Amino acid sequence: MSDSKICRRCNEPVTVNSESYDVCEGMHWLCFHLEFEHHTDPDEPCGDPGCPWWHMAVLKEKLSQLGCDPKLAIEEAIAKRWEL
């Protein structure tokens, strides 16, 4: 018998944050968030300060305020990743 933890929502193994598996009702944290806490379109930020989409929106706004084009930052990161 395997001790692997399988997400009840997406049926994929839970490895990162597996210590929260029981707290998240047998799901990945993100699956739990989308299932029970994210009360809007799944592709846009919700009001939960832990929401990853909210984090991205905050960081995008801050980058813009600092004079950095967020789209360009992503393009540079993608190019750098493919250099590896």
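**Ground rules**

I am working with a predicted model, where local features need pLDDT of at least 70, side-chain atom pairs count only at pLDDT 80 or more, and totals for chains, interfaces and linings use all residues. I number residues from 1 along each chain as its sequence is written, and side-chain values use heavy atoms, with hydrogens and water left out.

**Entry 1: cysteines**

How many disulfides are there? I took a disulfide as a pair of cysteine sulfur atoms within 2.5 Å, and the count comes to zero. I checked two cysteines to see why. For Cys 7, the closest cysteine sulfur belongs to Cys 31 and sits 3.7 Å away, so it is too far for a bond. For Cys 10, the closest one is in Cys 7, at 3.8 Å, again too far for a bond.

I also looked at how covered they are. My cut-offs: buried is under 20% relative accessible area, exposed is over 50%, and partly exposed is in between (1.4 Å probe, protein chains only). Cys 7 is buried at 1%, while Cys 10 is partly exposed at 32%.

**Entry 2: the core**

Which residues make up the largest nonpolar core? A nonpolar core here is a set of buried Ala, Val, Leu, Ile, Met, Phe, Trp, Tyr and Cys residues joined through side-chain atoms within 4.5 Å. I found seven residues in it: Cys 7, Val 14, Tyr 21, Cys 24, Met 27, Cys 31 and Phe 32. As background, nonpolar side chains in soluble globular proteins tend to be buried together.

Leaving aside neighbours within four places in sequence, Tyr 21 is in contact with Lys 5, Ile 6, Val 14, Gly 26 and Met 27.

**Entry 3: helix H1 and His 33**

Helices are DSSP runs (H or I, at least four residues), as strands are (E, at least two), numbered from the N terminus. Helix H1 covers residues 29-37, and Cys 31, Phe 32 and His 33 are buried in it. What do the buried residues of H1 pack against? They pack against H2.

His 33 has a relative accessible area of 0%. Not counting residues up to four places away in sequence, His 33 touches His 38, Cys 46, Asp 48, Cys 51 and Pro 52.

Pro 52 is in helix H2, residues 52-65, and is partly exposed at 24%. Beyond its neighbours within four places in sequence, Pro 52 is in contact with Trp 29, Leu 30 and His 33. Pro 52 and His 33 are 19 residues apart along the chain, with 9.6 Å between their C-alpha atoms.

Pro 49 sits in the loop between H1 and H2 and is exposed at 53%. Pro 49 touches Trp 54 and His 55, not counting residues up to four places away in sequence. I also checked Pro 49 against Val 16: 33 residues apart in sequence, and 20 Å from C-alpha to C-alpha.

**Entry 4: a charged pair**

I counted a salt bridge when a side-chain nitrogen of Lys or Arg is within 4 Å of a carboxyl oxygen of Asp or Glu. The structure holds one. Arg 9 pairs with Glu 35, their closest N and O atoms being 2.7 Å apart. Arg 9 lies in the segment before H1 and Glu 35 in helix H1, so the pair ties together parts that are 26 residues apart in sequence. Arg 9 is partly exposed at 39%, and Glu 35 is partly exposed at 43%.

**Entry 5: positive phi**

Most residues other than glycine have a negative phi, so I noted the following pair. Asn 11 is not a glycine, yet its phi is positive, about 65 degrees. Asn 11 lies in the segment before H1 and counts as exposed at 57% relative accessibility. Glu 25 also has a positive phi, near 55 degrees. Glu 25 lies in the segment before H1 and counts as partly exposed at 39%.

**Entry 6: Trp 82**

My last stop was Trp 82, in helix H3, residues 70-83. Trp 82 is exposed, with a relative accessible area of 72%.

Methods: Contact means heavy atoms within 4.5 Å.
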